[in-house]
Amino acid sequence: MSMIAAQPYDYSFPAGRLALIVIDMQRDFIEEGGFGSVLGNDVRPLAAIVPTVRRLIDGFRAAGLPVIHTREGHRSDLSDCPPAKRARGGGALTIGDSGPMGRILVDGEPGNDLVPELAALPGETVIVKPGKGAFYATPLGDLLKAQGIGHLVFAGVTTEVCVQTTMREANDRGYECLLAEDATESYFPEFKAATLAMIRAQGGIVGWTAPTDIIVAGLR
Ligand code: TIU
């Protein structure tokens with residue numbers, strides 16, 4: 001077993017059996033005019049983690065370990081978007097409406113793309129998901145099973161919404177989950193802090209957390 005110094009205690013993983021899941025590092029959440037901003041958020045703090053997420057991705061690529069990207073996006077006919085989800089938000093625009101980066105949160109639109117610095121390489125999987133969790137209504141679980149992967153490192157946005165939801169889904173499915181503390185961000189700093197604390201409380205009730213540099217060093 002390999003080991004990464006983490007909270008609430010060291011994170012162990014079998015060498016070659018660890019994958020990185022980068023959650024929703026897409027223009028819709030990180031750039032002005034996308035879903036994050038139509039919900040009323042200041043999106044600027046999220047762009048600040050892009051270089052750190054890139055360092056984590058590069059560490060996994062250099063170690064020959066899988067990098068899986070996700071995007072929150074709906075089909076163009078919105079058949080996979082519950083009316084309840086579309087009705088939320090209270091802003092002038094909602095999911096499926098036309099914004100400056102194309103239709104909001106719709107797969108295939110410019111705003112749904114990953115930010116250019118974090119684009120998937122050929123051969124890397126991109127999961128397009130209709131929900132906050134990446135296991136719901138996607139092939140992610142089958143894909144991990146087929147590759148024999150039981151240990152997952154998480155990064156991306158936002159910490160308390162799609163990242164935490166996916167970590168909880170993974171935890172209930174038996175995966176050992178580690179969140180990169182500085183490669184995740186929220187529109188609400190206090191929500192990020194609370195999420196990191198609740199994940200590792202009670203002996204790691206949801207999983208572990210560690211800084212990106214420690215994780216990357218642990219891959220070598
Ligand atoms: N609104 C918010 O914080 N997040 C989302 O809607 N989706 C993700 O977290 N990706």
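This is a predicted model: local features need pLDDT of at least 70, side-chain atom pairs count only at pLDDT 80 or more; totals for chains, interfaces and linings use all residues.
Biologist: Where is Glu 124 found?
Modeller: Glu 124 is in the loop between β6 (102–103) and β7 (125–129).

Biologist: Buried or exposed, that Glu 124?
Modeller: Glu 124 is buried, because its relative accessible area is 17%, and the cut-off for buried is under 20%.

Biologist: What does the side chain of Glu 124 make a polar contact with?
Modeller: The side chain of His 69, at 2.7 Å.

Biologist: Leaving aside neighbours within four places in sequence, which residues is Glu 124 in contact with?
Modeller: Arg 61, Val 67 and His 69.

Biologist: Switching topic. Where does Pro 100 lie, and is Pro 100 buried or exposed?
Modeller: Pro 100 sits in the loop between β5 (98–99) and β6. Pro 100 is exposed, with a relative accessible area of 69%.

Biologist: How many residues apart in sequence are Pro 100 and Gly 33?
Modeller: They are 67 residues apart in sequence. In space, their C-alpha atoms are 5.8 Å apart.

Biologist: Now helix α7. What should its 14 residues span?
Modeller: Residues 159–172 should span 20 Å, at 1.5 Å a residue. The end C-alpha atoms are 18 Å apart, which agrees.

Biologist: Which residues in α7 are buried?
Modeller: Thr 159, Glu 160, Cys 162, Val 163, Gln 164, Thr 166, Met 167, Glu 169 and Ala 170. As background, an α-helix has 3.6 residues a turn, so residues three or four places apart point the same way.

Biologist: And what phi does Gly 174 take?
Modeller: Just after α7, Gly 174 has a positive phi of about 95°.

Technical notes
Residues are numbered from 1 along each chain as its sequence is written. Side-chain values use heavy atoms; hydrogens and water are left out. Helices (H or I, at least four residues) and strands (E, at least two) are DSSP runs, numbered from the N terminus. Buried means under 20% relative accessible area, exposed over 50%, partly exposed in between (1.4 Å probe, protein chains only). A polar contact is a pair of N or O atoms within 3.5 Å; within protein, one must be able to donate a hydrogen and the other to accept it, and residues adjacent in sequence count only if both atoms are side-chain atoms. Contact means heavy atoms within 4.5 Å. The expected span of a helix is 1.5 Å times one less than its number of residues.
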